[in-house]
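Subject: The structure, plus some notes

Hi,

Here is the structure I said I would send over.

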Amino acid sequence: MDPRPLIALDGDGVLLDYNLAYAKAWERATGRYPVELDIQAYWAIDRWDVERLRGEKLEQFRACFDVDFWSTIPPLASAVEACHRLRDRGYDLVCVTALPADLADARLRNLRQHDFPIEKVFATAHSLGERSPKADVLDRLKPVAFVDDYLPYMVGVDGSIHKALVLRGAKGSPNIGQHLSNVDSTHADLSGFVQWWLSRH
């Protein structure tokens, strides 16, 4: 019996709403939930009315990004349903995420808490070079498709893998420029990708 085809999905910005979780972390650190400035901003620091922290205040804020934070990020709208649609059509799903390896279990707990049909999380480096830090993991996994919301993570990914880019948050987005030629399809969100993919496969 042939194994089920595999689809690799990024975490933050594809499955989970990091920007909302960022606002909760800010509230935890400062006692104030920030005002939303621009829902179209790509980066959380631009979406919310927050100051640019330095020194001790910055360290206090960073301390809020602990295991509890990475275990409790809310899902993006329709992302859980989209994943179940893929599973129902015969695909296995994994999460390939740019997190320190010691947070992989927290991410998996987070996904299971929201009923994502995902059983494995692969944590990769976040540093950028000439090749995506996710490329080596994807080479080993050999998924039929890889979905991410960060264009630099498409660079160097094997050409046999369909690379789908989620174009969220146009303001300040890194998803522009020459590397768009590395992308095979673009979508507003994961649900859009799933609808498009299933209509063709």
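Which residues is L15 in contact with, leaving aside its neighbours within four places in sequence? Keep in mind that this is a predicted model. The contacts of L15 are L9, D10, P75, L76, A79, C83, C95, L111, F116, I118 and L190.

Some of those names come back in the core. The largest nonpolar core has 45 residues, and L15 is among those with the most contacts inside it, along with L9, F116 and L190. There is also a second, separate core of 14 residues, including A8, V94, A135 and V157. As background, nonpolar side chains in soluble globular proteins tend to be buried together.

Strand β1 (residues 6-9) is worth a click. It is covered on both faces, with L6 and A8 buried on one side and I7 and L9 buried on the other. β1 pairs with strand β2 (residues 92-97) in the parallel sense, over four bridges. β1 also runs parallel to β4, joined to it by three bridges.

D149 sits in the loop between β4 (145-148) and β5 (162-166). Is D149 buried or exposed? D149 counts as buried because its relative accessible area is 3%, below the 20% cut-off. Leaving aside neighbours within four places in sequence, D149 is in contact with D10, D12, G13, V14, Y42, L165, V166, R168 and N175.

Now the salt bridges, which come to 16 in the count. In general, side chains of opposite charge can pair when their charged atoms come close. Here are three to look up:

- E27 and K24 meet through their side chains at 3.2 Å, N to O. They are three residues apart in helix α1 (residues 18-30), so about one helical turn separates them. E27 is partly exposed at 27% relative accessibility, and K24 is partly exposed at 49%.
- D136 pairs with R131, with the closest N and O atoms 2.4 Å apart. D136 is partly exposed at 45%, as is R131 at 36%.
- R87 pairs with D92, the closest N and O atoms being 2.4 Å apart. R87 is partly exposed at 32%, and D92 is partly exposed at 25%. Salt bridges with shared partners join R4, R87 and D92 into one network.

Cheers

Definitions and conventions:
Residues numbered from 1 in each chain as written. Predicted model: local features only at pLDDT ≥ 70, side-chain atom pairs only at ≥ 80, totals over all residues. Heavy atoms only, no water. Helix = DSSP H or I, 4+ residues; strand = E, 2+ residues; numbered from the N terminus. Buried < 20%, exposed > 50% of the residue type's maximum accessible area, 1.4 Å probe, protein only. Contact = heavy atoms within 4.5 Å. Core = buried A, V, L, I, M, F, W, Y, C linked by side-chain atoms within 4.5 Å. Pairing = 2+ DSSP bridges. Salt bridge = Lys/Arg side-chain N within 4 Å of Asp/Glu carboxyl O.
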